[in-house]
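Please keep the sequence and the structure in view while reading.

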Amino acid sequence: MIINIPEKSDFSIHNIPFGIFSTSDRSPRAGVAIGDHILDLVAVAELDVFDFNTAVLEKEVLNDFISLGKEITNKVRKDIQHWLQDEDSVLAGKPGLFVLQSAAQMHMPVYIGDYTDFYSSIEHATNVGTMFRDPAKALMPNWKHIPVGYHGRASSIVVSGEDILRPKGQTLPKDSDTPIFGPSQRLDFELEMGFITGKNTNLGESISTGDAEDYIFGMVLLNDWSARDIQKWEYVPLGPFLAKNFASHISPWIITLEALDQFRVSGPEQNPQVLPYLEFNGEKNYDINLEVGIAPEGTEEQVVCHSNFKFMYWNMTQQLAHHTVNGCNINIGDLYGSGTISGKDENSYGSMLELAWMGTKPLKMKDGSERKFIQDGDTVIMRGYAEKDGKRVGFGEVSAKVLPAK
Ligand code: CA
């Protein structure tokens with residue numbers, strides 16, 4: 001190996017994720033995370049080792065690189081894996097190829113034109129339905145037939161590390177029929193993963209479940225911030241609006257679908273049987289361990305949730321097939337959120353709404369405080385990794401601090 005990779009690093013030789021970084025003397029550009037370092041792809045391109053137009057690596061987002069297609073982007077990934085492991089490779093002994101991640105700033109990896117958020121965890125949908133409606137009818141009649149989703153807001157998606165302001169809005173006080181205006185009192189995170197599409201379709205075209213993976217470039221961690229009190233008042237009859245669009249955070253490194261291939265597993269059994277356009281073959285879920293930590297201002301982080309992406313009832317190929325079955329076109333760089341990823345255990349719930357069960361079971365923090373929802377000064381950190389046969393492929397983290405409303 002021509003660079004040291006710490007054991008247990010998320011960014012092992014099996015990973016090779018793509019992102020956009022800058023340093024004090026390097027403009028934003030494409031890079032690959034490896035161990036504690038970043039391999040500067042513009043510096044690699046200067047060695048004349050790539051046979052495509054490497055101007056795409058100097059862009060401030062990866063959309064043009066992704067648009068080269070998997071044939072090329074997968075080859076770049078494979079070549080880098082090979083070069084890093086070969087002591088005599090084209091990269092060996094060349095100066096200026098690596099920078100420390102700690103010395104770099106990460107940027108949004110792609111320009112996101114459209115953002116869709118699904119609602120595909122049966123445990124999450126059941127928990128929310130139980131809290132807000134009748135526990136006996138927690139799931140809506142459509143839920144097991146349709147990968148339910150809605151169109152979100154792309155403009156407010158930001159990269160890990162950016163602070164957010166507590167949102168303000170309308171809420172309806174308990175036992176009142178007159179709304180009030182002010183900072184949300186029920187700010188929440190949603191533990192999600194997102195996939196980023198790597199190929200366009202034309203209006204009128206549909207993507208089958210069998211072809212869907214060709215259209216998925218890779219995945220990120222997603223914190224889909226939610227203001228529960230605003231949501232509760234506004235969501236009938238058309239669904240989420242200002243409770244969701246004030247900010248969502250993504251992790252900076254896009255883990256390719258190919259890097260995740262070895263972690264495929266079967267998803268939960270789908271019963272009743274889905275309509276033919278949602279049928280699929282093979283293992284389409286992924287065993288990705290997820291956790292959420294809360295670090296109150298000035299104190300140690302406390303992990304409050306352990307979940308797993310493999311719990312998802314609807315898989316990504318079904319989500320994309322459903323999204324396009326009516327002819328809706330997709331673009332390179334679009335983001336598709338999984339929906340909050342909850343498991344069966346109480347410590348696997350992917351939101352404060354569920355973990356503290358609508359405020360009835362506050363979480364005890366190490367500093368002695370309690371949390372029903374997220375407080376000002378709290379930093380919320382999400383992490384994810386897959387591991388099998390000693391091979392680890394991780395996402396790093398998506399982290400963000402909440403500042404008081406202005
Ligand atoms: Ca969501």
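In which sense do strand E1 and E5 pair, and over how many bridges? Strand E1, which covers residues 18–23, pairs with E5 in the antiparallel sense, and three bridges join the two. The model discussed here is predicted.

## The open sheet

The pairing of E1 with E5 belongs to an open sheet of five strands, whose order is E4-E3-E2-E1-E5. The pairing in this sheet is antiparallel. In general, strands of a sheet pair through backbone hydrogen bonds, in either a parallel or an antiparallel manner.

Strand E4 (98–100) and strand E5 (105–107) are the edge strands, and each of them pairs on one side only. From one strand to the next, the twist averages 45°. Within the pairing of E1 and E5, Phe-21 stands opposite Met-106 in E5.

## The helix on the sheet

Helix H3, formed by residues 70–85, packs on the sheet. Helix H3 touches E1, strand E2 (26–34), strand E3 (37–40) and E4. The direction of H3 makes about 65° with that of E1.

## The calcium site

Which residues coordinate the calcium ion? The donors are Asp-117 (OD), Glu-190 (OE), Glu-192 (OE) and Asp-224 (OD), at 2.2 to 2.3 Å. Along the sequence, the spacing of these donor residues is D-x72-E-x1-E-x31-D.

Asp-117 and Glu-190 link distant parts of the chain, 73 residues apart. Asp-117 lies in strand E6 (residues 115–118), whereas Glu-190 lies in the loop between strand E12 (187–188) and strand E13 (191–197). Both Asp-117 and Glu-190 are buried.

Terms used
Residues are numbered from 1 along each chain as its sequence is written. This is a predicted model: local features need pLDDT of at least 70, side-chain atom pairs count only at pLDDT 80 or more; totals for chains, interfaces and linings use all residues. Side-chain values use heavy atoms; hydrogens and water are left out. Two strands pair if DSSP finds at least two bridges between them. Helices (H or I, at least four residues) and strands (E, at least two) are DSSP runs, numbered from the N terminus. Axes are lines fitted to C-alpha atoms, for helices over the stretch in contact, and angles run from 0 to 180 degrees between N-to-C directions. Contact means heavy atoms within 4.5 Å. Donors are N, O and S atoms within 2.8 Å of the metal (3.2 Å for Na, K and Ca); water is not among the atoms, so sites may look incomplete. Buried means under 20% relative accessible area, exposed over 50%, partly exposed in between (1.4 Å probe, protein chains only).
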